[in-house]
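Please look through the structure below before reading on. The paragraphs after it go from one part to the next.

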Amino acid sequence: MQKRALVKTLGLTFGAVLMTACASNSDVAEGDELKPLDAAQETAAEVETKGVEAQAVAGEQVDAAANEAQAALMDVTVFYFDFDNTTIKADSKNSLIAHSQYLAANSSARVVLEGHADERGTVEYNLALGERRAISVSRFLQANGAAASQIETVSFGEERPALMGHNDDSWSQNRRVEIKYQSR
Amino acid sequence: MNSRLIKLVIQIFLLSIVAMQARAELVIEITQGKQSAIPMAVVPFKWKGLKALPENVAQIVANDLGRSGYFNSLPKTEMLSLPNTEEEVFYRDWELLKQDYLVVGEIKQDSRGGYIINFKLIDVNTRTALMNQKLTGGASSLRDIAHFMSDRIFAALTGLPGAFSTKLVYVTTNRERTKFNLSYADADGAREQNIFSSKQPIISPSWSADGKKIAYASFENGRSEIFIQEIASGKREKIASFKGSNSAPAFSPDGKKMAMVLSRNGNPDVYVMDLATRQLDRITKHYGIDTEPQWMPDGQSLIFTSSRIGKPQIYQVSITEKKPKRITFEGDYNARARITPDGRKMVMVHRNNGRFHIAAQNMKTGVLQILTSETHLDESPSVAPNGSMVVYAASVGDRSILAAVSLDGEVKFRLPSKYGDVREPAWSPLLK
């Protein structure tokens, strides 16, 4: 039974990866964040079944690998963004899906999503940008199985940079959303 | 011998006082003056007291007038004579130095330890006194008297109200961003005081029209919430802590309402709160970012930043009709607009060739002029209450400093702090 649940999680992860890879350019573009939500959920449901079928014959090795893969993906808790952009990058998605799965499987788990911006541009616009980045991630987590009640969003705008430099390197590290677990 | 030694000791003592004061305060550096600035000289005032004066009144006045950009103050070292009364003025000296105006005066102590300042503003060309005034005050108010003098002289010569007796509030932080202070100082950076401190960020300070209160957003409870603080008493009140972010407060010109940005419905939108009833009126409703509201002088409409077309631009919206109209079209990043008191110009953060500068846009013609060039990452512009200058935060070297530029871009000065970063300046209204 347990094995089956794990395989199912893995399949779900794979399926969702497939789905988001297809939708990566359109799903959280600025200005039409509301639209892709429904579409994404439908696709997820559809691909889920296929994933489970494809992996259903795999044995215990796959389970162990899946566990490790899941843990590695969960280790990533900071997700980066382009300038003046709230679109989730393609390379963030596998980890975000892993977090979604974890939240879906652990209903008592709670996260705070902290949105940040780099120092360029205005303070208040950056506060709003940080918030919209956090909201983008929140929607993505919900589209992949997390419940709204498990997620809180907060923005620090440009006030809490990860790096203090005034250059592209620092800026790219500062445009981010951090997932912080309040309870596991 | 002896008297010379005493003089030296006094000089060292005075220098150390100056050094002590400078450490705590912002220090002005004028980086660019106006081509057409009127040449004038504020001659050091006569003082016969035994102790040195706590403030150099003539120097404060000379600095004020020079910083305004309208005047070029002649340095003391270039003066050929140092008259203290109209009778002592040898006009040929000042004609030779091509000075248009002259301020002379003397300071006396009254019987109760206060000060009496007599000063005259003299027109060198007509050889007449334009102003002859006597001002009195206690030792602690010498600086206020000096700024008041500057206001009177500025108004007499330009026809504009002077803004030298005004204040600035701004946020100072250490490099590690673990301590934030909301600071309050004279418009020239002197007499800085912290009026609120926190380990969490403080942003967007904004004055009430009567100059008695400051609203700001503080993260002290883990996310941005709006507070109003009375300056005199320090009394604080939390007025907006809805779900999500609460930020960008702006008092209406009549002081009864406050525009603000709330994300309580999932996305940052502009609201107006009635401060007496705390009723909220939602002004914008869009899935883009709507933020940084600022009242037009008539209190009937707001200008704000919106990303509704994908990139930030400035919009104007009537608070009754609620139909935003775009008003900036040049460039792909225009944000945080502030309006001059006469409503004629709007200053804002404008991106040009990837760099963020302060620009002014004529509200009637739409013509945009970039005002700053030497500073980087310019943000948070705030207009002086007489509409002459804009103070803003900028990055110079590795520090965030305050800088100011005149509305015509001709005068520039900086207010670098001795420690940490200085951000988010807000210039007070004219104070009674």
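The model shown here is predicted. Begin with its largest nonpolar core, which has 82 residues. Within this core, Met260(B) and Val390(B) have the most contacts. Strand β28 (residues 389-396) of chain B provides the largest share of the core, six residues. Apart from neighbours within four places in sequence, Met260(B) is in contact with several residues, among them Ile226(B), Ala240(B), Tyr271(B) and Met273(B). There is also a second, separate core of 35 residues, and it includes Ile60(B), Phe71(B), Val104(B) and Leu135(B). In soluble globular proteins, nonpolar side chains tend to be buried together.

Two strands meet here: strand β5 (residues 101-109) and strand β6 (residues 115-123) of chain B run antiparallel and are joined by nine bridges. The hairpin they form has five residues between the strands, and in it Gly113(B) takes a positive phi near 90°. β5(B) has parallel partners as well. Strand β2 (residues 38-42) of chain B is joined to β5(B) by three bridges, and Met40(B) has Tyr101(B) as its bridge partner in β5(B). Strand β3 (residues 46-47) of chain B pairs with β5(B) over two bridges, again in the parallel sense. There, Trp47(B) has Ile107(B) as its bridge partner.

Further along chain B, four strands make an open sheet in the order β19-β20-β21-β22, with antiparallel pairing. Why is one side of β19 and of β22 (325-326) of chain B left without a neighbour in the sheet? These strands stand at the edges and each has a single partner strand, so one side of each has no neighbour there. Inside the sheet, strand β20 (residues 301-306) and strand β21 (residues 313-318) of chain B pair over six bridges in the antiparallel sense. Leu302(B) stands opposite Val317(B) in β21(B).

A helix of the other chain packs on this sheet: α5(A) touches β19 and β20 of chain B, and its direction makes about 150° with that of β19(B). Helix α5 (residues 123-143) of chain A has 21 residues. From its first C-alpha to its last, α5(A) reaches 30 Å, close to the 30 Å expected at 1.5 Å a residue. Is α5(A) mostly covered or mostly uncovered? It is mostly covered, with 20 of its 21 residues buried. After α5(A) comes Gly145(A), whose phi is positive, near 115°.

The contact as a whole takes 25 residues from chain A and 37 residues from chain B. On the chain B side, at least two residues each come from β11 (202-207), β15 (246-251), β19 (290-295), β23 and β27 (376-383). β27(B) gives the most to this side, with three residues. The residues of chain B that touch chain A divide into 13 nonpolar, 15 polar and nine charged.

One of those contributors, β23(B), belongs to another open sheet of chain B, where four strands follow the order β23-β24-β25-β26 and the pairing is antiparallel. Its edge strands are β23 (334-339) and β26 (368-370) of chain B, each of which pairs on one side only. From one strand to the next, the twist averages 30°. β23(B) pairs with strand β24 (residues 345-352) of chain B over four bridges, and Arg338(B) stands opposite Val347(B) in β24(B).

Notes. Residues numbered from 1 in each chain as written. Chains lettered and ligands numbered in written order. Predicted model: local features only at pLDDT ≥ 70, side-chain atom pairs only at ≥ 80, totals over all residues. Pairing = 2+ DSSP bridges. Axes fitted to C-alpha atoms, helices over the stretch in contact; angles between N-to-C directions. Contact = placed C-beta atoms within 7 Å. Nonpolar A, V, L, I, M, F, W, Y, C, P; charged D, E, K, R; others polar. Core = buried A, V, L, I, M, F, W, Y, C linked by C-beta atoms within 7 Å. Buried ≥ 20, exposed ≤ 12 C-beta atoms within 10 Å, placed from the backbone. Expected span 1.5 Å × (residues − 1).
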